[in-house]
Each structure stands twice: as structure tokens, then as C-alpha cells.
Amino acid sequence: MKKLVPVFALSATLLGACSGSGDSRLSVSISGMPDDSLICSWFTPATVRERGDMTTVLVGGTRNGDKTEFDIDLPDGEHLYRIFLAPQSFRGDGPRQNMELFLLPGERPRIEAAYDAKSKAIEYTLEGSADQQRWREATRTVEPLQLRLDMLSATAMMISPDRRNPNDTVYLQIRHLGDSIRKIKTDYIVAHPADPVSGFFLTTLPNDAGFDSLYNRLDESVRQGPLKEWLDLQKELSDKLVASRQARETVKTGAVAPDFTLPDADGKEFVLSSLYGQGKYVVLDFWGTWCGWCMKGMPAMKEAYAKHRTAAEFVGIDCGDTPQVWKQTLAGQQLPWINVRAADDEVPVRYGIEGFPTKMILDAQGVIVARFTGEDPAFYTTLDSLARTTR
């Protein structure tokens, strides 16, 4: 087994060398590959629950003629892993540069792949259990659409990084492709309720209001089989999303913000309503260190706080971080306002939080004046306007 070396070029939670169980659980053979290293990324249900990024490592291979051989260990043989593989030269600028599979406990599949340096495309077959082979064949039906979707998404990000033009032609095409991919997967699930591949597909669909109907169609053998941990997680996320969207209908402009009690960094209980009646606006900022836009917006938040601290109290509600990471970030960022941590999703769900960051401005009595999802410049201009009225 080859040594696993951390990759620092990707945005992910990077671990050091993963020793694994000592038994190779995944073998990969790639012909035509321009380098001798393979990017291996994976995550498990536990990673998702913690809002962590996938683990990413660089796997060294052995050159054998035109082929490069890789033997990959995962940390243990107890979890169902979702794995992505790509050559070290991966840049996201080719038509298909990554390979994907689910690795069930005890499985030892083999991937045979061919890399075309000119087109930067990689084609592969998956040898393993019958379930794995059916999964690979089923994914072929969506790959052309997914490829087009990925390319359009990259174009959209260049055109409008903050995604403020949802009705542009590119975004309409993205939605159409997404709907088409969803239909293919949904049709497969409906037609093959006892097939584990249907369970695989369901874990790749959005956790929206339609999830339960598809989940309930699955045969009990699939819901209680090796996919149970993933499917239970997806159902939990779906239920929270549905509850959050229902809350969003009531927690809106003109409504009183739900009161909450959360601990600050010293372990003291902070009660939101303790700020009411003091003649100041209250700014709520739902954020997390794992949210790139949240962290990018911190300098602007600091400026806004310094500018309006006499007119508004700021409350940062950290979501999804461990206490250690949260406290380290507070110290490193030197955030001067009130900061509390939501240890679970209860408060975010009650507020109907669907994206991060979400910022709200409350009046002095706790009535919601404005709500913003994403790092929206309108938050700062709105706060400027409201603060002027208190002077």
C-alpha cells in the first residue's frame, strides 16, 4: 500500500497519512495518466452531520508500462464511504476528470480507467459487486447532463459569483438540467424500489419536500440494509429542511423573532430578548467557519459593527462548528460583538435558515425589519439607512 500524503491545493478537511486497517479496500488502474499520483476524497454520514468537508489525500501510485496502479486504504471498514477520485493534475477544466463510487463495508472493488491527455477526460469501469456495477451503469445515463451542468455552473460563477441573476439564460439552463437529472434518478427509484442503486441515487438528490415520498417507496431491504446510515441521515436533513421552510413562512419581515437562549464562549447563557427595549436595532448573523462566504464577510461585518455599535447590537450565532473550532475562530478573528453557539439545529430550524450566512435586522422590540440570505451588500446599505434614523 502506498503512502497517503495530504493535498493542500483543494478546499477540504485535509488529514495526514491515513493508515487504515492494513487491508487494501480499493484498487485503481489508470492508463495514459500524466502523473503518478491520485487525488482521493471521501466523506461519510458522520462528516456530513458535523458539517465537515470531505477528507482529501494524495495517493502515490506505481507505474507499470502505460498504466499506473494504486492501492487505497480507507480509515476503517465499518462505514459506507462516498469517494471521488481524480488525477493529481485535476483542474476542473476538462469534460470528465473524476471518478465516483460508494464503498460499502467489506467491499474491495477495482476501477479500470483510461485518461485522455488531449481532451482531459477520464473513462472508467467499476469491477466489484453486482450493486457497484449496476451503480456505474446507472450513472452513465446522467453523466452527459451532469457534465453540461458542471460546465454551465462554472460559467455562471464567472458571470455572477454572487448568483444575483437567477433568471439569466445560463441559470435557466442550469435549472432545466438539474430537473432532468432529478427525473432520471427519480424514475429509476420508482421503477426499482428494491435495488440498492435506488438508495444510492436517493442520497444524491436534494433534501427537499419530495424526499419522503421517494424514501417511502424504497423497499425495506434497502432502507434497513448497508445504506441505512446514509438514508437515515438524508431523511433527517430532509425533515429539517421541510421544517425550516415552514418556519420561514412565519419568521419573516413584520413578525417577532423567536426568542432563544444559547451559551456564549464562557458558557454563560445569553437570552435574545434581553436586548429588547434598549432603543437599539439587533442584528442576528447565522454563520459557521465552514461557510466560505461567512468568513469572507467578517471584515465587512467588523466595519459595520464599528460604524453602528451605538445604534445596533450584533449577535453572531455559530452553527455547525465544534466548540473548539468556534472559540479558536472568535479569538483569531477578534469578533467584538455578542457571540453564541447553536449546538444543534433547533434554533436555525426555528428561524427557517436555509443558507449561510443569513442576517436579520430586528427593531428594538424584536420585530424583524429585514432578512438577507448570503453575503448580500443590501444588508449593509439597509443597516446604514436604519442607523441614520436613530441619530
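**Close-up views of a predicted model**

View 1. In strand β9, A113 is the bridge partner of I30. The structure shown is a predicted model. Strands β2 (residues 26–31) and β9 (residues 110–116) are paired in the parallel sense over five bridges. Both belong to an open sheet of five strands, ordered β5-β6-β2-β9-β10, with mixed pairing. Its edge strands, each pairing on one side only, are β5 (62–64) and β10 (121–127). From one strand to the next, the twist averages 20°.

**View 2. Helix α5 and its N-terminal cap.** Helix α5 spans residues 196–203 and is mostly covered, with seven of its eight residues buried. Among the buried residues are V197, F200, F201 and L202. At the N-terminal end, D195 caps the helix: one of its side-chain oxygens lies 2.9 Å from the backbone nitrogen of V197.

View 3. The side chains of E236 and K240 form a salt bridge (3.3 Å, N to O). The two residues are four apart in helix α8 (residues 228–248), about one turn of the helix. E236 is partly exposed, at 30% relative accessibility, and K240 is partly exposed, at 27%.

View 4. D285 lies in strand β13 (residues 281–287) and K359 in strand β16 (residues 358–362), so the pair ties together parts 74 residues apart in sequence. D285 is buried, with a relative accessible area of 3%; for K359, also buried, the value is 3%.

Notes. Residues numbered from 1 in each chain as written. Predicted model: local features only at pLDDT ≥ 70, side-chain atom pairs only at ≥ 80, totals over all residues. Heavy atoms only, no water. Buried < 20%, exposed > 50% of the residue type's maximum accessible area, 1.4 Å probe, protein only. Polar contact = N/O pair within 3.5 Å; in protein donor to acceptor, adjacent residues only side chain to side chain. Pairing = 2+ DSSP bridges. Axes fitted to C-alpha atoms, helices over the stretch in contact; angles between N-to-C directions. Salt bridge = Lys/Arg side-chain N within 4 Å of Asp/Glu carboxyl O.
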